[in-house]
Amino acid sequence: MDEEAKIPQATAKRLPLYYRFINNLYLQGKMRVSSKELSDAVKVDSATIRRDFSYFGALGKKGYGYNVEHLVSFFRKTLDQDETTEVALIGVGNLGTAFLNYNFMKNNNTKIVVAFDADKERVGQEVGGVPIEHIDDLEERMGNVSVAILTVPSQAAQGITDRLIGQGVSGILNFTPARITVPSDVRVHHIDLSVELQSLAYFLKHYPL
Ligand code: ATP
């Protein structure tokens, strides 16, 4: 834990990206990788990569690069790749359905194990192998899940968030446009797809590459 606490947040966010690429190299039997190769593959400049990797205790050698096996075992440990994180999804609409059908396990060890919806028609069905429960049964059916994905309409977001926190959820991936309020020990990552798309279009128009 102490080791991880020293890694800056910006570096920690790039970890899964590095892990995915390095793990592929590892599976292909590659022993080493240069920061240039890494930089081209993950689109992060090599100075940043060198700085990030110094936090991992991985100091590349000139003319050799980084030891792939060392990096893979570090990333596995740090990202808890050996342990599956179970996730709940709330709101099985268009977006929620897509997430249930998407195989997250392909690239990392997170797995949606249960979904909730208010629509009685959906309850009792399975999507992508995940059972859909009624939102009224959240407390009863959530189990020990500590991470939740919110794909409900905005107006339902805060009420559901409060209930999730009551159940001990400590991380929420919020896809609703609503800004949700949580206690300081709960982490929220907010992804508003329409804002992201709008902002991309804006940048293309005003700051062409
Ligand atoms: P999306 O926004 O994901 O494309 P959609 O347009 O199909 O979805 P929305 O109205 O956004 O539908 O609702 C998303 C899902 O959330 C629906 O399946 C809806 O039944 C469900 N839902 C709505 N209110 C609640 C609630 N209070 N608790 C749980 N689920 C809810």
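A polar side-chain atom of Asp117 sits 2.6 Å from an oxygen atom of the ligand. This is a predicted model.

**Exercise 1.** Find the residues that come nearest to the ligand, and list the atom pairs for Asn94 and Leu95.

*Solution.* 
- Step 1. There are 14 residues around the ligand. Asn94, Leu95, Asp117, Ala118 and Pro153 come nearest.
- Step 2. Take Asn94. One of its polar backbone atoms is 3.2 Å from a ligand oxygen atom.
- Step 3. Take Leu95. Here a polar backbone atom is 3.0 Å from an oxygen atom of the ligand.
- Step 4. Return to Asp117. Its polar atom belongs to the side chain, at 2.6 Å from a ligand oxygen.

**Exercise 2.** Describe how helix α2 (residues 9-27) packs against helix α3 (residues 35-42).

*Solution.* 
- Step 1. Two packed helices are described by the angle between their axes and the distance between those axes.
- Step 2. For α2 and α3, the angle is about 115° and the axes are 11 Å apart.
- Step 3. Angles of 65 to 115 degrees count as roughly perpendicular, so α2 and α3 are roughly perpendicular to each other.
- Step 4. Their crossing is right-handed.
- Step 5. Leu17, Tyr18, Phe21 and Ile22 of α2 make the contact with Glu37, Leu38, Ala41 and Val42 of α3.
- Step 6. Sorted by class, this contact has 7 nonpolar, no polar and 1 charged residues.

**Exercise 3.** Classify the packing of α2 with helix α5 (residues 68-78), and give its handedness.

*Solution.* 
- Step 1. The packing angle is about 135°, and the axes lie 9 Å apart.
- Step 2. α2 is therefore oblique to α5.
- Step 3. The crossing of α2 and α5 is left-handed.
- Step 4. On the α2 side, the contact uses Leu15, Tyr18, Tyr19, Ile22, Asn23, Leu25 and Tyr26. On the α5 side, the residues include Val68, Leu71, Val72, Phe74 and Phe75.
- Step 5. The class count for α2 with α5 is 11 nonpolar, 2 polar and 2 charged residues.

**Exercise 4.** Work out the orientation of α2 against helix α4 (residues 46-55), then name the residues that meet.

*Solution.* 
- Step 1. The axes of α2 and α4 come within 11 Å and cross at roughly 100°.
- Step 2. α2 is therefore roughly perpendicular to α4.
- Step 3. Thr11, Arg14 and Tyr18 of α2 meet Thr48, Ile49, Asp52, Phe53 and Tyr55 of α4.
- Step 4. By class, the contact has 4 nonpolar, 2 polar and 2 charged residues.

Definitions and conventions
Residues numbered from 1 in each chain as written. Predicted model: local features only at pLDDT ≥ 70, side-chain atom pairs only at ≥ 80, totals over all residues. Heavy atoms only, no water. Axes fitted to C-alpha atoms, helices over the stretch in contact; angles between N-to-C directions. Helix = DSSP H or I, 4+ residues; strand = E, 2+ residues; numbered from the N terminus. Parallel < 35°, antiparallel > 145°, perpendicular 65-115°, else oblique. Left-handed = near helix turned anticlockwise from the far one by under 90°. Contact = heavy atoms within 4.5 Å. Nonpolar A, V, L, I, M, F, W, Y, C, P; charged D, E, K, R; others polar. Near = heavy atom within 4 Å. Polar contact = N/O pair within 3.5 Å; in protein donor to acceptor, adjacent residues only side chain to side chain.
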